[in-house]
Amino acid sequence: MKLKILSWNIWCYGNLSQVAQSLKASNADIICLQEVLPKENKVNIINYLSELGYDHFYADSMKIEVNGEMIFMENATFSKYKILENKTHILSETKHRIAIESKVQINGAMLHIFNTHLTHEHLKESKERDLQMDSLIKLLPKERVLVMGDFNSLPNSKTVQKINKVLKNTDPSFTPTWMVYPNGCNVCEPKGINYRLDYIFASEDIAVLSSKVENFRPSDHLPVSAVIEV
């Protein structure tokens, strides 16, 4: 069976109305999002995708300040197929980062989907992020695995090299995904979409038929997608 999968850091300061319309237009079977604000009243992405028929699971990832209040952003996974089991894995305590694991049964096969958002260290190497990746790799089953999200890591980083040893990158072109808007980071001060930070990795038993960076721009990240066969 062919499936379209998509991963996107939708940016807590992004245009959520446009994010919602872009997600609908993508018609993806499985969607992994980062920086979701579950308390957002104007456009609640979780409710919006639920109304479109997606099953979902989300969990607290990291805290940010919004209108003077410290709130958690979420990692959220959505599936057109029933999610049978969910787990939240803590990857690091000091800078709270997680991976959420969702199990979806498709054509009698159990698909293990991991959605993560690793530490942002302003395009530099990071020992903590490497440790987060080590923790994530230890969780991975041997078969039918998808790992996707905002890795905050360049293609030649140690972090990406670590997961490259156990899973295949669905998009070896490394087309840049960040930064759509310069105000996304006042430390990095990026001048354009020049950096690849977002990835989808798959186990060898999953056939990758195509991959692309989607041209949806309501967030500071561009989404990444792939068509796979399970």
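Visitor: What share of the 230 residues in the chain is buried?
Guide: Happy to start there. This is a predicted model, where local features need pLDDT of at least 70, side-chain atom pairs count only at pLDDT 80 or more, and totals for chains, interfaces and linings use all residues. Residues are numbered from 1 along each chain as its sequence is written, and side-chain values use heavy atoms, with hydrogens and water left out. Buried means under 20% relative accessible area, with a 1.4 Å probe and protein chains only, and the buried share of the chain is 54%.

Visitor: How many aromatic pairs does the structure hold, and what is the geometry of Phe 151 with Tyr 199?
Guide: Rings of Phe, Tyr and Trp (its six-membered ring) pair if their centres lie within 6.5 Å; planes under 30 degrees apart count as stacked, over 60 as edge-to-face and the rest as tilted. The structure holds 7 such pairs. For Phe 151 and Tyr 199 the centres are 5.4 Å apart and the planes stand at 90°, so this pair is edge-to-face.

Visitor: Which other residue forms an edge-to-face pair with Phe 151?
Guide: In this second pair the rings are 5.6 Å centre to centre, with 65° between the planes. Phe 151 is buried, with a relative accessible area of 0%, and its partner is Phe 201.

Visitor: Which residues form one aromatic cluster with Trp 11?
Guide: Here we turn to another group of rings. Trp 11 belongs to one aromatic cluster.

Definitions and conventions:
Buried < 20%, exposed > 50% of the residue type's maximum accessible area, 1.4 Å probe, protein only.
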